[in-house]
Amino acid sequence: VKQKLTKEETLQLRKKHIGPSCKLFFRSDPLKIVRAAGCYMYDEKGCRYLDCINNVCHVGHCHPQVVSAAVEQMSVLNTNSRFLHDNLVLYAERLTSLFPEKLNVCFFVNSGSEANDLAIRLARTHTGKKDVITLDHAYHGHVTSLIDISPYKFNHPGGEGQRDWVHVAPVPDVYRGKYTDKDFTVEECTKKYADEVKQLCDKATKLHGGVSIFFAESMQSCGGQIVYPPGYLRQVYSHVRAAGGVCLADEVQVGFGRVGSHMWAFQTQGDDIVPDIVTLGKPMGNGHPVSAVITTREIAESFGATGMEYFNTFGGNPVSAAIANAVLDAIEKENLLDNATKIGNFLKQEFNRLKGKHAIIGDVRGEGMFLGVDLEQYVLLSNDGPYRNVLKFKSPMVFGMEDAKELVEKLDAIMTEMEAAENIVTNGMEKLMVNGNHDPRQQQQLTNGHANNNIDAPSEIQVKV
Ligand code: PMP
């Protein structure tokens, strides 16, 4: 790919004109990526990277059928959704057919943040209440309303702290959370975590007359790839509904089959688990900005009954709908849920093997292509979670067996090297480039990084091959 600028020129121009809070991956030597295909990315020198972090390019970077769906529709018509168009309604019909029956009304938007902000409005209108229950360490988006319900942001530098209408429940993490399987059975942990939500419902009712919404991812990504104990959502949903609130599943990161066994991660908690609102984003357009809120007829009617129109200039336009439809085609035709299960199981098994070999690995968890490796002592490469010590794996769904083997081999080598190194790191790091030569920069980078309050910046595993 021919370059318009040298890497240094790109960097300088970026410094000059892009807001300084928009961070780069790998601050000390940022990557300039010029093209990508499948689960590989290429820099300006043609160097190939195995991509374990781009959960957006779900069916693979630049998937040919997704690209041609975009080009074809773009060359015929793109306009707003106040005109009737087949793409919008056909996609809505197809998408809702993938949900439990009562979730059959869609609002199309352009980002996860827009979806979550609209979800808060829907819940507040429907319940007549304002208070929100969120999980600790959660991130739900960058707009004002969502910073307010994201402890990942409001409890960190630049944040304004907790609003009185926001209630933070502990993350149901039985490995490192408030109640762990060291002290209790998993069933006891589930109940204790769910009871915490009940107490917050009671508090919201006492303070402000009720709760509007329980807002949570179906598995927590930003908090460190946390899989909730069985029964958690069932108990929580029942407490929240008893208090008059509705329940939301943020599937922006974990939806569209990433967990392998199901299309939506909330389904892993049981067939009877049906949220009142689901939000979708990132993978939905494979890199094209299209997102959605899926809800029940009743909630949509309450919102409609206010008389205020909902209009979104780009949401659900014919091009976005064509792209989103092509993404579903690829997921189905290429059996990507099965691939996520197959590769995910292999990686979990291999990470567990590494756990037996490397004392720094404390826990291996996740489902399908949503995996986390919790490190006991040292923070390395892709770090996230409250202690910045969880290595996250969330590659495109086309990640293959050879890619998985390569990843395991490289991780094994790095961990061996880290354990052998005398000046082993105790602080965070920003980047660990894995290459065949074990670049001495690694050690330097191990020590110069620091935790970064940027949602996707912590999620870096790039294996240079
Ligand atoms: N919800 C979750 C769980 C997310 O991870 C993100 C983005 N990282 C969002 C919502 C916000 O999505 P967007 O960046 O598309 O606004």
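How do the residues of the shell around the ligand divide into nonpolar, polar and charged? The answer is four nonpolar, 10 polar and three charged. Here Ala, Val, Leu, Ile, Met, Phe, Trp, Tyr, Cys and Pro count as nonpolar, Asp, Glu, Lys and Arg as charged, and the others, Gly among them, as polar.

Before selecting anything, note that this is a predicted model, in which local features need pLDDT of at least 70 and side-chain atom pairs count only at pLDDT 80 or more, while totals for chains, interfaces and linings use all residues. Residues are numbered from 1 along each chain as its sequence is written.

**Whole protein**

Show the protein as a cartoon. It has 13 helices and 15 strands; these are DSSP runs numbered from the N terminus, helices being H or I with at least four residues and strands E with at least two. Of the 465 residues, 49% are buried, a term that requires 20 or more other C-beta atoms within 10 Å of the residue's own, whereas 12 or fewer makes a residue exposed and anything in between partly exposed, with C-beta atoms placed from the backbone.

**Ligand**

Select the ligand and its shell. The shell has 17 residues, the closest being Ser 111, Gly 112, Ser 113, Gly 141 and Val 252; a residue is near a molecule if its C-beta atom, placed from the backbone, lies within 6 Å of it. Helix α4 (residues 112-127) supplies the largest share, three residues.

**Two domains**

Colour domain 1 (7-59 + 335-464) and domain 2 (64-333) separately. These bounds come from an automatic or database domain assignment. The contact between them takes 28 residues from domain 1 and 29 residues from domain 2, where contact is defined by C-beta atoms, placed from the backbone, within 7 Å. On the domain 1 side, α11 (336-357), β11 (361-367), β12 and β14 each give two or more residues. The most come from α11, with five residues. By class, that side has 13 nonpolar, nine polar and six charged residues.

**Strands β12 and β14**

Next select β12 (residues 370-375) and β14, which run antiparallel and are joined by four bridges; strands pair if DSSP finds at least two bridges between them. Val 373 is opposite Leu 391 in β14. In a regular strand the side chains alternate between the two faces of the sheet. In β14 (residues 390-393) both faces are covered, with Val 390 and Lys 392 buried on one side and Leu 391 and Phe 393 buried on the other.

**Strands β4 and β10**

Move to β4 (residues 105-109), where four of the five residues are buried. Five bridges join β4 to the antiparallel strand β10 (residues 291-295), and Cys 106 stands opposite Ile 294. Now pick Ala 292. Leaving aside neighbours within four places in sequence, Ala 292 contacts Cys 106, Phe 107, Phe 108, Val 109, Ala 115, Leu 280 and Met 284.

**Largest nonpolar core**

Which residues touch the most other members of the largest nonpolar core? They are Phe 214, Ala 292, Val 293 and Ile 323, out of 117 residues. Such a core is a set of buried Ala, Val, Leu, Ile, Met, Phe, Trp, Tyr and Cys residues joined through C-beta atoms within 7 Å. Helix α10 (residues 318-333) contributes the largest share, nine residues.

**Asp 164**

Finish in the loop between α6 (151-154) and β6 (166-169), at Asp 164. Asp 164 is exposed because 10 other C-beta atoms lie within 10 Å.

Terms used
Two residues are in contact if their C-beta atoms, placed from the backbone, lie within 7 Å.
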